[in-house]
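Please look at the sequence and the 3D view shown here before reading on.

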Amino acid sequence: MRKYLSVILFLVLSSIVIVEGCAADDISEDDDFAAVYGSVVDAASGFPVANAAVRLYEGSSGLHSLGRVVGSSITGSDGNFSFTDIVVKDGMLGHSVVVSCAGYKSGYTDVRLAVGKNTEIQVLIVPES
């Protein structure tokens with residue numbers, strides 16, 4: 001029973017992502033650009049994860065259809081990352097943020113970026129057992 005609860009907890013935690021728009025810091029509506037920023041958090045402890053590699057893929061819809069890399073970053077000690085001036089094209093499927101870090105299982109989330117908007121996300125990654 002405990003094994004099944006662990007599996008269910010892993011599945012729930014590995015799929016939790018917080019996505020919200022932030023209107024206060026919007027980019028000019030005349031631009032075809034967007035920005036995405038956020039943090040990487042240890043799903044078990046709730047603490048920020050430093051030195052995680054974060055990649056932003058365009059035209060993506062899940063890990064099985066990643067497009068080309070349009071940004072890469074390493075999180076700071078606060079677990080934060082950001083990508084600015086991301087070109088948003090009509091008809092684009094979306095973007096994916098993929099996170100990898102030593103001692104953790106890779107994590108990802110799909111994100112829909114809107115022209116002239118900043119999008120904030122949080123990616124939870126699960127420690128390897």
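The report below covers a sheet, a salt bridge and an aromatic pair.

The model is predicted: local features need pLDDT of at least 70, side-chain atom pairs count only at pLDDT 80 or more, and totals for chains, interfaces and linings use all residues. Residues are numbered from 1 along each chain as its sequence is written, and side-chain values use heavy atoms, with hydrogens and water left out.

An open sheet is built from four strands in the order β4-β3-β6-β7, with antiparallel pairing. Strands are DSSP runs (E, at least two residues) numbered from the N terminus, and two of them pair if DSSP finds at least two bridges between them. The edges are β4 (69–74) and β7 (107–111); each has a single partner strand, so one side of each lacks a neighbour in the sheet. Strand β3 (residues 53–58) pairs with β4 in the antiparallel sense over five bridges. Arg-55 has Ser-72 in β4 as its bridge partner.

Two side-chain contacts are set out in the table.

| Contact | Residues | Distance |
|---|---|---|
| Salt bridge | Arg-68 and Glu-58 | 2.9 Å, N to O |
| Aromatic pair | Phe-81 and Phe-83 | 5.9 Å between ring centres |

A salt bridge is a side-chain nitrogen of Lys or Arg within 4 Å of a carboxyl oxygen of Asp or Glu. Arg-68 lies in the loop between β3 and β4 and Glu-58 in strand β3, so the pair ties together parts 10 residues apart in sequence. Glu-58 is buried, with a relative accessible area of 12%; buried means under 20% with a 1.4 Å probe, protein chains only.

Rings of Phe, Tyr and Trp (its six-membered ring) pair if their centres lie within 6.5 Å; planes under 30 degrees apart count as stacked, over 60 as edge-to-face and the rest as tilted. The planes of Phe-81 and Phe-83 stand at 50°, so this pair is tilted. Both Phe-81 and Phe-83 are buried.

Notes. Buried < 20%, exposed > 50% of the residue type's maximum accessible area, 1.4 Å probe, protein only.
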